[in-house]
Every structure is written in C-alpha cells, then in structure tokens.
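Hi,

Here is the structure I promised to pass on.

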Amino acid sequence: MTTVIVNGACGRMGQAVLKAVQEADGLELVGAVDIKGGADTGALVGLPANGILVETDLEALLTRKKPEVMVDFTRPDVVFGNVMTALKHGTSPVVGTTGLSDEQKAEIAKASEENNTPAFIAPNFAIGAVLLMVMSRQAAKYMPDVEIIELHHDKKLDAPSGTAIQTAAMIAEVRKAHKQGNPDEFEKLKGARGADYEGMHIHSVRLPGYVAHQEVIFGGLGQTLTIRHDSMNRESFMPGVVLAAKKVRSLKGLTVGLDKLLD
C-alpha cells in the first residue's frame, strides 16, 4: 500500500481526490491538510467516518505520518512551498495545482535529485486531455498554423491554463516558431488576439458552468481541423491522479506530464 496525504483537501478538487484515494486499491489515506481543518476525511466526501481529520499544518503532518506521497491541489501562490516542504521530508509530491514557473520547476527538479525523492507534475490529469496534447503535437507536423482556446470555470486563478501552455509547448517541439495571421494586423482592444506562444495564440475563457475544456484549432489550405476535450466533472481527473500516486515512487527526479506514465 502506498501511503498518501491530500493537500487542499476541502476544495472541490481536493474532495474528489480524497474520495478517489480512499476508494482506490493500493493506496492508503493517512492524512489531509487544508486551511479549513477539522472535518473527518470520510464524512467530508460522503463515505463512512474514518477518524482521519483534516489538519492545518502540512509540515507537522509530514513529520508525524511520513507519507510516501502528497497529492497537492491548492493554490498557485502556495504550491511551490508545499512541494519543497514535501521533498525535504522525503515525500513525493503529485501536483495538479497549476501556476508553477519554469524557474520553480527547475528548483523542484534540483530538490528532487538532492533529496532522492521523485516528484510529479501534471497540467491535466484527464486521460482524454493527455491524448489531445499528443494528437495536437502529431497534427502540428502537417498543419503548423494553430490556435488554442481553453475554457474554465470562473473561479480559476491562473490564465492561460497549464494544459494550454503544455499543449503549446508540445506543439512547439515539432513546429518552427512563426507569426500567424496578417503581418499588418493590429488589436483595437489590447489582448484581442490572446497570449502569444512562439507565434501561436492562446485564448482563455472564464465563465460559470464550465469545468475544464480545450480546443486546438489547426488551419490549412481549404480546411480546418479541431481537436477538443471536455471534462464534465472533476471525477474525470481521478483515474490520472490515482495512476500518478501509484507510480510516482518508481520514477526518478521530476516528471512533468501524465503522458510519461501511459504505456
């Protein structure tokens, strides 16, 4: 059994993770952390009470329980500190919180090596979203003109989404950077063309009613190709979270992207 704690346990994603870990074969929930402490981790998600209460001090829990894995769905402004604390204690972080910079990821990779503790980060844990990224990289070899539209709920803090950035990065592996659109185009409203990633445009939509959705639109001579993924609920991410929690201890250093874990 792999021992697991959940950080950000009282949030919507955190509660879904709590339930998934408790129901998964091969995983044992040994603790949970959130700024809102006190709840029983079973009763919180509609399962039988288990006596494991949500705590508020991550380092104290790591010191006492010494879990093998910490699943983190917290906030962009605290996730880096959480990850570094876990690595210091020899606990492997499985991170779904987005917003980590390239510089922070480099520091995490270094700390992972120094502490001989593997770490895992995924911009998206939905299997379908991973397939979208892989298919987009393949399509970009033949249709290099592409724009990305990502749509999320209006409570999401960062934009563009980690999934959109990772998708653009994977496309950039096979696509020469170039500016798309009319060379003389101008924005009558700043930001109308979205963010620019090596000439690709990324557009972020934030509205109530959405969960997590993304379209990758390719344009070619007389044709377009659209690849789209929709997460209808947060349970869509749980098979990927469980997979990462089970496999992370067998990895080396920092691994980014669920595609690295798929056979």
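Before the first item, one term: contact means heavy atoms within 4.5 Å. Helices (H or I, at least four residues) and strands (E, at least two) are DSSP runs, numbered from the N terminus. On provenance, this is a predicted model, where local features need pLDDT of at least 70, side-chain atom pairs count only at pLDDT 80 or more, and totals for chains, interfaces and linings use all residues. Residues are numbered from 1 along each chain as its sequence is written, and side-chain values use heavy atoms, with hydrogens and water left out.

**A helix pair**

With that contact term in hand, L58, E59 and L62 in α2 meet N82, T85, A86 and K88 in α3. Sorted by class, this contact has three nonpolar, two polar and two charged residues. For the classes, Ala, Val, Leu, Ile, Met, Phe, Trp, Tyr, Cys and Pro count as nonpolar, Asp, Glu, Lys and Arg as charged, and the others, Gly among them, as polar.

The geometry goes like this: α2 (residues 58-65) and α3 (residues 79-88) pack at an angle of about 20°, and their axes are 10 Å apart. Axes here are lines fitted to C-alpha atoms, for helices over the stretch in contact, and angles run from 0 to 180 degrees between N-to-C directions. The two helices are therefore roughly parallel to each other (angles under 35 degrees count as roughly parallel, over 145 as roughly antiparallel, 65 to 115 as roughly perpendicular and the rest as oblique). The crossing of α2 past α3 is right-handed, a label used if the near helix is turned clockwise from the far one by less than a right angle, with anticlockwise being left-handed.

Two strands pair if DSSP finds at least two bridges between them. β6 and β12 run parallel and are joined by three bridges, and I121 has V256 in β12 as its bridge partner.

Helix α7 (residues 238-247) has M238, G240, V241, V242, A244 and A245 as its buried residues. Buried means under 20% relative accessible area, exposed over 50%, partly exposed in between (1.4 Å probe, protein chains only). Those buried residues of α7 pack against β1, α1 (12-23), β2 (27-33), β4, β5 and β6.

**The five-stranded sheet**

Another open sheet has five strands, ordered β8-β9-β7-β10-β11, and its pairing is mixed. Its edge strands are β8 and β11 (223-231), each of which pairs on one side only. From one strand to the next, the twist averages 20°.

Strand β7 (residues 145-152) has six of its eight residues buried, so β7 is largely enclosed by the rest of the structure. With β10 (residues 212-220), β7 pairs in the antiparallel sense over eight bridges, and E147 has I217 as its bridge partner in β10. With β9 (residues 200-206), β7 runs parallel and is joined by six bridges. In that pairing, E150 stands opposite S204 in β9, and H152 stands opposite R206.

Helix α5 (residues 127-140) lies across β10 and β11, running at about 165° to β11. Helix α6 also packs on the sheet, touching β7, β8, β9 and β10, and its direction makes about 30° with that of β10.

Most residues other than glycine have a negative phi, and most peptide bonds are trans. Which bond is cis here? A cis peptide bond joins A159 and P160, with omega about -5°. P160 lies in the loop between β7 and α6 (162-172).

N116 has a positive phi, near 50°, in a residue other than glycine. N116 is in the loop between α4 (102-114) and β6 (119-121), and counts as exposed at 66% relative accessibility. For E198, phi is positive too, near 50°. E198 sits in the loop between β8 (195-197) and β9, and is partly exposed, with a relative accessible area of 41%.

Cheers
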